[in-house]
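Please keep the sequence and the structure in view while reading.

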Amino acid sequence: LPGTLAGSGEDALRLVFEGLVDASRLAPGDAVVLPDFVCSSVPRAIERAGLRVVFAALDPAHWGFAHGALEATLAAGARAFVAVSYFGLPPGGDAAARARLGGPLRDAVAVEDLAQAYGIAPEVRLAGAQAATFSFGRGKSLPLAWGGLVETADPVLAARLASRAAA
């Protein structure tokens, strides 16, 4: 997929969420669910895009949201979630966690944070995600000192990202 470059992984996430607001997929103030174990730049990027962060429990056995935690938070009114990759593992950890997108999560906006998983095999990526972000800072799987990247197959979101990145 073609990508949009950003100054950092945090900037890439911010661009995605600003683009989702621009494209009317999310509204200012909407809640975005994050796992309760996450780098501080992730919630900061979401808040900088004018959205609200809510946390759901993480299950360290598979490095995905704890069983039912994401669904309960979305049922309570959250509109989007970020599937985070930890330690080079696929986001959500296992196939069962990723497959849930086809069920009760189908109306939620999904974004992959692949800051720790550059080069991850496409078949283990989160099916149905609106976008994926990467980071190239220190400690990442492809450290280039700084920089970020957004991938999306959505042409409307891609246009919004390109417009915002050029500004």
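## The helix and its ends

α1 is followed by serine 24, whose phi is positive, near 60 degrees. Helices (H or I, at least four residues) and strands (E, at least two) are DSSP runs, numbered from the N terminus. This is a predicted model, in which local features need pLDDT of at least 70, side-chain atom pairs count only at pLDDT 80 or more, and totals for chains, interfaces and linings use all residues. Residues are numbered from 1 along each chain as its sequence is written, and side-chain values use heavy atoms, with hydrogens and water left out.

Helix α1 covers residues 9–22, and its end C-alpha atoms are 20 Å apart, which agrees with the 20 Å that 14 residues should span at 1.5 Å a residue. The expected span is 1.5 Å times one less than the number of residues. At the start of α1, a side-chain oxygen of serine 8 lies within 3.4 Å of the backbone nitrogen of glutamate 10. Of the 14 residues of α1, 13 are buried (under 20% relative accessible area, with a 1.4 Å probe and protein chains only).

Strand β6 (residues 80–84) is largely enclosed by the rest of the structure, because five of its five residues are buried. Ala80, Val82 and Val84 point one way, whereas Phe81 and Ala83 point the other way. In a regular strand the side chains alternate between the two faces of the sheet.

Strands pair if DSSP finds at least two bridges between them. Strand β2 (residues 31–35) runs parallel to β6 and is joined to β6 by two bridges; valine 32 has alanine 80 of β6 as its bridge partner. Strand β7 (residues 109–113) also pairs with β6 in the parallel sense, over five bridges, and glutamate 112 of β7 is the bridge partner of alanine 83.

Notes
Buried means under 20% relative accessible area, exposed over 50%, partly exposed in between (1.4 Å probe, protein chains only). A polar contact is a pair of N or O atoms within 3.5 Å; within protein, one must be able to donate a hydrogen and the other to accept it, and residues adjacent in sequence count only if both atoms are side-chain atoms.
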